[in-house]
Amino acid sequence: MNKIKSVLVLLTLSAGCLMACKKDKAAEPIQEPDFVQVSPQIKKYKNGMVEVTRLPMPDLKDPSSRGFFNFDKMSFVDAGKVKTKEWDIVFESLYAATVFPNNGTTEEEFPWFGNDAKVQFSGIVKPFDEVTALPDNFVFPGGKSNLSTAEFDNDESRKNPIYWGFMAFDVDGGFSHFQAWKGKVFIWKLDDGRFVKFEMSNVYNNAPDANNSKSVPGYLSFRYFVGKPGSRDLKTN
């Protein structure tokens with residue numbers, strides 16, 4: 001009889017321990033992930049920053065391919081919507097040698113000329129996380145403008161608000177690859193008035209520090225943060 005009582009006591013204690021353990025586990029807070037994997041090449045972090053890594057251009061077989069990108073959708077949109085406001089920026093060619101805003105006042109030769117969109121941008125030489133708000137004295141140029149690559153790596157080009165990178169040359173003086181400047185940010189003013197903090201980092205199928213003459217172009221890497229309507233806040237750290 002005593003043995004039966006002892007077994008019952010042990011079972012009761014075990015059950016109590018199990019219930020207590022379950023309560024402890026239930027009380028543990030669920031950790032929010034640092035980011036959501038939007039697609040194989042795109043992550044959206046809980047601070048709102050979107051990181052794009054080696055996103056292939058829509059047509060890698062066409063050297064003059066264009067990629068019409070929408071910041072909110074975090075993806076390219078169909079080229080058939082070129083005359084609409086459904087895209088924000090367009091990457092020109094596999095090298096992204098020029099990047100245009102969706103602005104109908106651009107040159108007549110471009111298919112989006114004359115549309116109603118008025119996206120603008122300008123650059124600032126400052127690390128991405130240090131740009132916490134739209135500067136009070138920041139000026140967006142009026143009319144035609146595009147983001148492009150400079151011919152040479154020099155301080156004058158790095159400070160110029162239209163250049164995202166420069167041409168790198170091999171030991172013989174021939175063109176090797178395009179290289180993005182570090183510590184340079186571009187701020188876009190979307191058609192609805194929101195501000196976007198944007199940094200270009202690469203256009204090849206490898207890490208930026210591994211760029212060379214054999215790197216394959218057409219794989220875009222950049223990061224950005226879209227501000228809230230009516231806000232100048234661009235904080236991401």
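Biologist: How many bridges join strand β3 to strand β14?
Modeller: In this predicted model, strand β3 covers residues 50-56 and strand β14 covers residues 217-226, and the two run antiparallel. The number of bridges that join β3 to β14 is five.

Biologist: In what order do the seven strands of the open sheet stand, and which strands are at its edges?
Modeller: The pairing in this open sheet is antiparallel, and its order is β1-β2-β3-β14-β13-β12-β8. The twist from one strand to the next averages 25°. A strand at an edge has a single partner strand, so one side of that strand is left without a neighbour in the sheet. The strands at the edges are β1 (35-39) and β8 (120-124).

Biologist: Is Ser122 buried or exposed?
Modeller: Ser122 has its place in strand β8. Leaving out residues up to four places away in sequence, Ser122 touches Phe138, Val139, Phe140, Pro141, Pro161, Val185, Phe186 and Ile187. Because its relative accessibility is 9%, and the cut-off for this class is under 20%, Ser122 counts as buried.

Biologist: Which residues are in contact with Pro56, leaving aside its neighbours within four places in sequence?
Modeller: Pro56 lies in strand β3, and at 26% relative accessibility Pro56 counts as partly exposed. Pro56 and Tyr204 are 148 residues apart in sequence, yet their C-alpha atoms are 9.2 Å apart in space. With the neighbours within four places set aside, the residues in contact with Pro56 are Gln41, Phe76, Gly218 and Tyr219.

Biologist: Which residue stands opposite Arg66 in β6?
Modeller: Strand β4, residues 66-70, is mostly covered, with four of its five residues buried. β4 pairs with strand β6 (residues 89-92) in the antiparallel sense, over four bridges. In β6, the residue that stands opposite Arg66 is Glu92.

Biologist: Which residue takes a positive phi in the hairpin of β4 and β5?
Modeller: β4 also pairs with strand β5 (residues 75-77), in the antiparallel sense and over three bridges, and Asn70 stands opposite Ser75 in β5. The hairpin of these two strands has four residues between them, and the positive phi, near 60°, belongs to Met74.

Biologist: Which residue of β7 is the bridge partner of Val90?
Modeller: β6 and strand β7 (residues 98-101) run antiparallel and are joined by four bridges. Their hairpin has five residues between the strands, and in that hairpin Ser93 takes a positive phi near 75°. On the other strand, β7, the bridge partner of Val90 is Phe100.

Biologist: Which residue of β9 stands opposite Val99?
Modeller: β7 and β9 run antiparallel, with two bridges joining them. In β9, the residue opposite Val99 is Leu147.

Biologist: What separates Asp155 from Lys159 in helix α2?
Modeller: Asp155 forms a salt bridge with Lys159, and the closest N and O atoms are 3.2 Å apart. At 44% relative accessibility Asp155 counts as partly exposed, whereas Lys159, with a relative accessible area of 54%, is exposed. Because the two residues are four residues apart in helix α2, the separation of Asp155 and Lys159 is about one helical turn.

Biologist: How far apart are N and O in the salt bridge of Arg223 and Glu199?
Modeller: The side chains of Arg223 and Glu199 meet in a salt bridge. This pair links distant parts of the chain, since Arg223 is in strand β14 and Glu199 is in strand β13 (residues 195-204), 24 residues apart. Arg223 is partly exposed, with a relative accessible area of 24%, while Glu199 is buried, with 11%. The N to O distance is 2.6 Å.

Biologist: What accessible area do Tyr95, Phe152, Phe169 and Phe175 have together?
Modeller: These four residues form a nonpolar patch on the surface. One of them, Phe152, lies in the loop between β9 (147-150) and α2 (155-159), and at 45% relative accessibility Phe152 counts as partly exposed. Together, Tyr95, Phe152, Phe169 and Phe175 have an accessible area of about 360 Å².

Notes: Residues are numbered from 1 along each chain as its sequence is written. This is a predicted model: local features need pLDDT of at least 70, side-chain atom pairs count only at pLDDT 80 or more; totals for chains, interfaces and linings use all residues. Side-chain values use heavy atoms; hydrogens and water are left out. Patches are made of residues with over 30% relative accessible area and no salt bridge: like charges are joined within 9 Å, nonpolar side chains (Val, Leu, Ile, Met, Phe, Trp, Tyr) within 5 Å. Accessible areas come from the Shrake-Rupley method with a 1.4 Å probe; for residues, only the protein chains shown count as cover. Buried means under 20% relative accessible area, exposed over 50%, partly exposed in between (1.4 Å probe, protein chains only). Two strands pair if DSSP finds at least two bridges between them. Axes are lines fitted to C-alpha atoms, for helices over the stretch in contact, and angles run from 0 to 180 degrees between N-to-C directions. Contact means heavy atoms within 4.5 Å.
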